Amino acid sequence: MNKIVWMLFFGCITWGMVGCSTEKEIRTELNSGWQFRQRDSGTWLPATVPGTVHTDLLANGKIEDPFYRMNELQLQWIDKKDWEYRAEFTVSEEMGKKVNQRITFTGLDTYADVYLNGEKLGSTDNMFRTWRFDVEGKLKVGRNELHIVFDSPTLKGREEMERYGLRLPADNDQSVRGEMGNDRVSVYTRKAPYHYGWDWGPRLVTFGIWRPVILEAWNDVKVEDVFIRQPSVTKEKAQLVAEVCVNSDKQQSVTIAIMNEGKILLQEQKELRKGENKISIPYVIQNPRLWWSNGLGEQNLYDFTILVTSEEGVMSEKKVTTGLRSLRLVREKDQWGESFGFELNGVPVFAKGANAIPNDVFLPRVTRDLYEKMVLDAANTNMNMIRVWGGGIYEDDAFFEFCDKYGIMVWQDFMFACAMYPGNQEFLDNVRQEAIDNVTRIRNHPSIALWCGNNENALAWRHGAPGGWGWKNAFTKEEQDTVFKAYYTVFHEILPKVVKDYTDGDDYWPSSPMAGPKPDQHGLDGTTSGDQHYWGVWHGFRPLESFDEVTTRFCSEYGFQSFPEMGTIETYALPEDYDIESEVMKSHQRSYIGNGRILDYMKMYYRVPEEFEQFIYMTHVLQGLSTKMGIEAHRRNMPYCMGSLIWQINDCWPVASWSTTDYYHKWKAAHYMMRDCFKEVIVAPKWEGDSLAIYAVSDRLEAIHGTLSIEVLDFHGNLIFLTERGVNIPTNTSTVLWKLNRELLLAGGSENGMMLVVRLQDGQVLDEKNVYFEYHKDLDLPIPHFSIQAGEEDGEKFIWVSSDKLACNVMFYIPGESIFFSDNYIDVIPGRSYKIKVDTDLSPTQIQERIKIRYVH
């Protein structure tokens with residue numbers, strides 16, 4: 001290595017890369033000075049980029065809040081118009097002298113013509129793609145103007161539908177609400193499907209510059225992309241390959257080095273040809289620090305820097321962060337059928353998690369902090385997986401960075417959901433490039449566990465099978481062949497080939513749910529193989545106990561609805577709307593069976609309150625019960641079942657939905673319940689006829705030797721019966737610890753006035769569950785009197801809570817305040833004191849004066 005380059009490396013090592021960036025690359029984000037207007041009409045108004053048409057209209061006072069009451073219905077005109085954006089920016093002399101100049105649009109939604117200084121650069125037709133335009137010779141030193149004209153996505157979609165000549169099914173497209181009649185045009189446009197409406201979301205078909213616009217200029221060499229392949233990773237050795245894509249202005253000799261923590265891991269001389277160069281550099285890391293999912297170990301990450309140098313110094317560099325791990329989907333024949341579960345670094349992992357939709361209808365409003373809050377909401381409830389559902393978007397880089405940081409594995413759908421799609425070559429080519437753009441963007445993240453082709457498309461198409469939606473029946477035989485050929489081409493040819501070609505052997509699953517990839521398995525739920533969406537509870541109106549009766553190898557969707565809490569309802573409704581049958585409340589409930597289904601289930605398990613706010617609270621309690629019963633059923637069936645992903649973790653607007661946190665990321669009862677039921681070790685008691693079977697489930701990789709105790713109490717806190725025994729809990733599985741007779745436990749007492757406390761300890765309490773002999777609607781619940789004291793310890797605020805009688809699912813809240821309680825919706829047992837941390841700016845005195853409670857009557 002020559003002396004100049006060695007000194008450069010030495011300086012980089014000494015100063016941790018500070019001051020080592022090259023002046024040969026200039027990069028700036030064009031995010032200021034934007035204006036917009038309806039095309040060819042009206043005054044230019046200030047715009048925010050990244051942004052959307054709707055949020056720009058709102059910011060300029062041209063429309064009312066789309067989420068408030070029923071304003072959504074008055075805004076359907078927006079997506080029928082064309083809109084245009086423009087901005088002026090200045091190019092320096094230094095940038096103007098660069099040989100290579102490029103503008104990159106990381107997100108244009110969706111149909112757009114792009115102009116620079118009056119010259120058309122090109123057109124776009126896919127919200128999910130990255131669009132790059134070479135502007136060398138088109139940029140001017142000094143003032144330049146960028147002008148983007150957006151076509152109406154709905155009218156353009158109608159044109160595409162008519163051009164394709166076949167109306168394809170898309171049940172969640174709320175076309176009538178969107179003033180499009182029966183023209184469900186969403187499937188003809190590569191745009192976020194949920195913008196056209198869903199059974200938890202509004203129809204607000206927005207568009208605009210939704211991700212950053214980047215202006216770049218450079219000379220000589222640019223490192224475009226780095227992919228760290230991981231052919232073999234063990235705790236002893238990680239065999240890696242850096243695949244580096246380098247653009248060069250000319251044929252030249254360079255040195256390419258790989259650095260980590262200020263050290264050169266490897267350097268090689270390479271001969272670059274003019275244009276794009278793809279270079280593979282194998283290297284080894286001994287005794288690597290492995291990346292583990294939440295609960296299994298540390299989330300170790302490596303920062304690798306790729307440097308391209310010559311005798312003149314650093315020509316280009318690029319940093320990539322990844323984690324070293326072996327992560328695969330295991331599908332193997334067993335005594336029950338075929339397994340479906342994930343293995344991380346050789347360890348079988350029960351997937352505990354939830355499905356995620358986009359955090360907002362208006363995507364640029366989702367900040368980096370909001371992404372972190374969402375992922376922390378998962379990690380803090382002991383989750384280890386999020387499924388990015390196929391009706392939304394390929395999430396921002398920040399989402400994956402936080403999943404890497406907090407140990408959340410990602411099941412990544414491609415953006416196709418609950419629909420069938422065109423098969424013309426133009427559409428297929430667009431999909432292929434969309435997949436390449438997004439796979440290459442996020443493939444370095446160690447959190448990526450699985451790529452999945454679509455959500456429920458195969459299930460919906462199939463007919464004559466349990467759960468099939470029967471779309472196939474609406475078409476002639478010739479049309480069926482056309483539609484299914486397009487389906488097969490996208491999900492069994494194009495997408496798996498992109499995953500194969502552009503990842504490091506990542507696993508691909510064609511559709512969720514499905515029993516398997518063979519043609520006779522398409523659209524069949526995974527009861528003995530594959531994955532399952534279990535909607536017998538909710539859509540099928542089966543009792544919550546059916547979670548235990550239905551077998552599943554991996555439950556990738558299930559859930560139950562509730563309303564948001566009153567503080568959230570107050571953001572979109574007035575007091576006169578406080579009736580679940582009011583037009584406003586029904587508008588913020590998009591499941592056509594929603595309110596009635598909640599009411600019917602509530603009658604099954606609880607007494608239905610007449611007062612509105614108490615009813616809202618009881619929907620939280622009911623959702624929490626369903627969540628508990630679903631998770632415990634899945635975990636009890638481990639290792640037959642190896643995954644439980646609840647629908648869903650978040651909302652895109654304030655609404656009644658299946659989400660366990662609302663639009664403002666406030667935890668509902670179900671989210672607290674998930675935290676308790678997804679713990680590393682749980683007890684999961686279950687009535688089996690006249691016996692109480694007490695299961696223990698452990699994710700630990702070592703056995704547990706502990707004590708199991710059962711207390712029977714009356715509702716005044718009197719101990720009626722106590723028994724305990726030593727227990728052994730095997731590693732990473734479910735086991736039955738004890739079965740006890742119902743009559744023995746009752747000890748002659750009343751079923752509607754008694755409860756059990758099941759506690760597992762190994763020197764400390766590992767888990768504790770309360771069990772009732774009857775449904776809550778049949779319990780003789782007393783009227784409790786509470787003592788609540790607020791105070792402070794070591795700078796943190798707490799409440800201490802006790803009661804003279806049993807109080808079930810006690811909810812703590814302070815009207816008008818967004819406050820987090822470390823425990824909530826808890827059973828308060830007489831004779832105990834509960835210490836609960838309170839995250840708030842209020843003083844203990846203010847907490848004491850203003851705190852309110854609700855409980856089950």
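Modeller: The structure holds zero disulfides, a disulfide being a pair of cysteine sulfur atoms within 2.5 Å. This is a predicted model in which local features need pLDDT of at least 70 and side-chain atom pairs count only at pLDDT 80 or more, while totals for chains, interfaces and linings use all residues. Residues are numbered from 1 along each chain as its sequence is written, and side-chain values use heavy atoms, with hydrogens and water left out.

Biologist: How far from C641 is the nearest cysteine sulfur?

Modeller: C641 takes part in no disulfide. With 0% relative accessibility, C641 is classed as buried, because buried means under 20% relative accessible area, exposed over 50%, and partly exposed in between (1.4 Å probe, protein chains only). The nearest cysteine sulfur belongs to C555, and its distance is 6.8 Å.

Biologist: At what angle do helix 13 and helix 14 pack?

Modeller: Helices (H or I, at least four residues) and strands (E, at least two) are DSSP runs, numbered from the N terminus. Axes are lines fitted to C-alpha atoms, for helices over the stretch in contact, and angles run from 0 to 180 degrees between N-to-C directions. The axes of helix 13 (residues 594–605) and helix 14 (residues 612–636) are 10 Å apart, and their packing angle is about 75°.

Biologist: Is helix 13 roughly parallel or roughly perpendicular to helix 14?

Modeller: Angles under 35 degrees count as roughly parallel, over 145 as roughly antiparallel, 65 to 115 as roughly perpendicular and the rest as oblique. Since the angle between these helices is about 75°, helix 13 is to helix 14 roughly perpendicular.

Biologist: Which residues in helix 14 do those of helix 13 meet?

Modeller: Contact means heavy atoms within 4.5 Å. From helix 13 come I598, L599, Y601, M602 and Y605, and in helix 14 they meet F615, M618, T619, L622 and L625.

Biologist: Is N287 buried or exposed?

Modeller: Most residues other than glycine have a negative phi, whereas phi of N287 is positive, near 45°. N287 sits in the loop between strand 19 (275–286) and strand 20 (302–310). Its relative accessible area is 59%, and N287 is therefore exposed.
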